[in-house]
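Please read the numbered points alongside the model.

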Amino acid sequence: MTIGQQLKKTRLLFGLTQEEMSAGIVSESFYSRVERDKNAITINKLIAMLNANNISLNDFFKTFDNEGMPELKRQRQIYSAFNDRDLDQLHQIEKTLSSKNDVLYFKTKLIIATLEHRSIKMPDSIRKQLKTNLIDLDLKEQDFWDLAISVPLYQFSEFTPLMSYIIAHFSKLDLDNPQVVISLMNLLIGYLDRAYREKHLAEAKKTLNFANKIPNDFEIMFHKLIIKYYSALIDKNLEMSKGITDLLQICGYQRYIDMLPQANRGSK
Amino acid sequence: MIGAHLKEVRKSLHFSQEQMTEGILDRSLYSRVENDCSEINVNDLVKLLHYHRILVADFLRGFGTTSTDIEILQNRITTAYLNEDVVTLQDLYINTKFADVRMKKVVRILINRLNGVNNLDERDREFSYSFLNEDNWNSENLWLVLHMLDLYELSDLKILVETIFHKVIRKKTNERSMQLAAQIALKYLEICCKRQTKNSEIKNAIAFLQKLPKTTNFAIHRIAAEYYNRLVNHDQEGADKIANLLVRN
């Protein structure tokens with residue numbers, strides 16, 4: 001994608017003429033040459049034009065970031081495969097990563113090990129990089145993917161303060177952003193899973209209460225159902241836990257069920 | 001402004017101007033850019049930032065007057081619409097700078113409908129019906145139509161929705177378009193049940209939903225398909241079971 005192509009695409013999308021798009025910042029004829037990639041435009045003028053037309057810079061540059069930094073796309077694929085508990089996909093991604101891409105490679109390994117209930121050896125430097133300190137936790141800026149996949153790297157008691165911090169600062173979270181909400185749900189499920197398996201019931205209940213406060217938006221209704229499953233396990237509500245697994249199985253989510261703790265066998 | 005920001009980023013990387021520009025950009029030009037004596041062209045800036053593994057979108061945060069991405073704005077409107085939340089819609093209508101005026105139009109139509117104004121004026125009717133001849137089912141158009149489904153006559157709606165199903169399945173569309181098409185299918189099912197249409201229409205929509213990928217993103221759509229499937233097969237008890245699992249604790 002070139003700047004000219006993206007300008008044209010954006011302009012047509014918003015139903016603007018070349019004159020409207022150029023917004024008096026550059027001449028219409030110059031703008032027209034930029035759109036055909038005959039002239040280059042400076043960042044200052046481009047920003048002024050996009051601002052004049054209420055077009056988000058983020059929307060405009062997303063394509064270029066995706067093309068220019070392919071590892072980001074990889075990273076999104078990894079998170080998405082994690083969200084789907086799709087081990088096959090993760091194994092495939094693992095094969096395509098050279099260990100030069102250190103962090104991404106180990107992220108993938110870590111997720112696979114977690115889903116297969118194995119522990120993993122990794123260099124201390126990487127481990128340090130993957131573990132978030134409470135101090136680094138910036139609730140405004142980020143999603144929770146890294147935190148969600150790194151739950152197994154912590155001692156349970158080490159992770160509790162991070163969770164408490166997030167719960168206490170609920171109002172600061174950007175819940176309008178789907179990536180934030182979906183990654184947060186994955187974090188809650190990961191933490192809940194450990195709390196349940198390691199019998200920290202008070203922490204589990206705290207997490208359940210928190211999950212209930214998150215609005216029931218469409219994109220996380222599935223995650224809410226999984227959280228409800230843990231709640232049924234804790235309450236020993238066999239009818240409900242079975243109801244949920246039966247429904248998920250009929251709808252094609254056997255793979256996901258296989259990774260959940262089973263009701264009849266108790267924890268572990 | 002851009003110059004000062006570049007300098008800030010360079011300092012945070014502990015680079016000299018040479019290290020910052022090596023092999024990408026003329027250093028003396030770069031130096032003028034940092035001092036805001038010259039402007040850098042967009043291609044050079046993108047190249048420079050990506051070379052240092054910096055996202056352009058991140059770098060430019062704070063330079064835009066429109067902070068909300070279109071997708072996030074769309075989601076907020078959709079959620080407010082599904083929750084029949086007029087207050088939020090009105091707030092968005094007044095306080096948002098819409099780049100796409102069609103979105104603004106849809107929000108106004110939604111507000112009117114939630115306020116009980118059921119008759120469309122001529123312009124709105126024309127606008128909604130223009131989609132019957134639409135050929136380009138990109139995510140923007142899918143989103144607009146999703147919010148206007150209950151404006152159509154049933155016979156028109158059927159053609160519209162089935163065209164969309166067909167297009168989306170045949171063409172490998174992106175995830176976002178797929179999501180919107182799935183939401184259109186759900187809304188369509190709801191309308192069909194409300195207006196008590198023939199079962200064949202309902203079955204078509206169910207069949208479409210069952211073809212969606214078995215990923216977490218589409219889980220709720222597939223579950224809803226199962227719900228309607230039970231309804232069509234007169235298994236009210238089974239359908240209620242699903243509904244009960246999905247209500248809030």
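1. With a relative accessible area of 16%, Arg194(A) is buried, because the limit for that class is under 20%. The model in which this residue sits is a predicted one. The side chain of Arg194(A) meets that of Glu198(A) in a salt bridge, at 2.9 Å from N to O. Glu198(A), by contrast, is partly exposed, with a relative accessible area of 36%. In chain B, salt bridges that share partners join Lys187(B), Glu190(B) and Lys194(B) into one network.

2. Over all chains, the count comes to 24 salt bridges. One of them pairs Lys131(A) with Glu158(A), whose closest N and O atoms are 3.1 Å apart. Lys131(A) lies in the loop between helix H9 (124–130) and helix H10 (145–149) of chain A, and Glu158(A) lies in helix H11 (residues 156–168), so the pair ties together parts that are 27 residues apart in sequence. Lys131(A) is partly exposed at 23% relative accessibility, and Glu158(A) is partly exposed at 36%.

3. Between chain A and chain B there are 3 salt bridges. Among them, Arg53(B) pairs with Glu71(A), with the closest N and O atoms 2.7 Å apart. Another joins Asp176(A) to Arg76(B), at 3.4 Å between the closest N and O atoms. This pair runs from the loop between H11 and helix H12 (178–197) of chain A to helix H6 (residues 70–82) of chain B. Asp176(A) is partly exposed, with a relative accessible area of 35%, and Arg76(B) is partly exposed, with 30%.

4. The contact between the chains draws on 58 residues from chain A and 55 residues from chain B. Together the two chains bury about 5,000 Å², 59% of it on carbon and sulfur atoms. On the side of chain A, the residues that lose the most area to chain B are Asn54(A), Phe218(A) and Tyr253(A), together 13% of what that side buries.

5. Polar contacts across this interface number 19 residue pairs. H5(A) gives the largest share of the side of chain A that touches chain B, 8 residues. By class, that side has 29 nonpolar, 16 polar and 13 charged residues.

6. Chain A is divided into domain 1 (3–68), domain 2 (69–130) and domain 3 (135–268). The centres of domain 1 and domain 3 of chain A, taken over C-alpha atoms, are separated by 42 Å.

7. Phe106(A) is found in helix H8 (residues 102–115) of chain A and counts as buried at 12% relative accessibility. Beyond its neighbours within four places in sequence, Phe106(A) is in contact with Lys121(A), Met122(A), Pro123(A) and Ile126(A).

Technical notes
Residues numbered from 1 in each chain as written. Chains lettered and ligands numbered in written order. Predicted model: local features only at pLDDT ≥ 70, side-chain atom pairs only at ≥ 80, totals over all residues. Heavy atoms only, no water. Contact = heavy atoms within 4.5 Å. Buried area = accessible area lost by both parts, 1.4 Å probe. Salt bridge = Lys/Arg side-chain N within 4 Å of Asp/Glu carboxyl O. Polar contact = N/O pair within 3.5 Å; in protein donor to acceptor, adjacent residues only side chain to side chain. Helix = DSSP H or I, 4+ residues; strand = E, 2+ residues; numbered from the N terminus. Nonpolar A, V, L, I, M, F, W, Y, C, P; charged D, E, K, R; others polar. Domains from an automatic or database assignment. Buried < 20%, exposed > 50% of the residue type's maximum accessible area, 1.4 Å probe, protein only.
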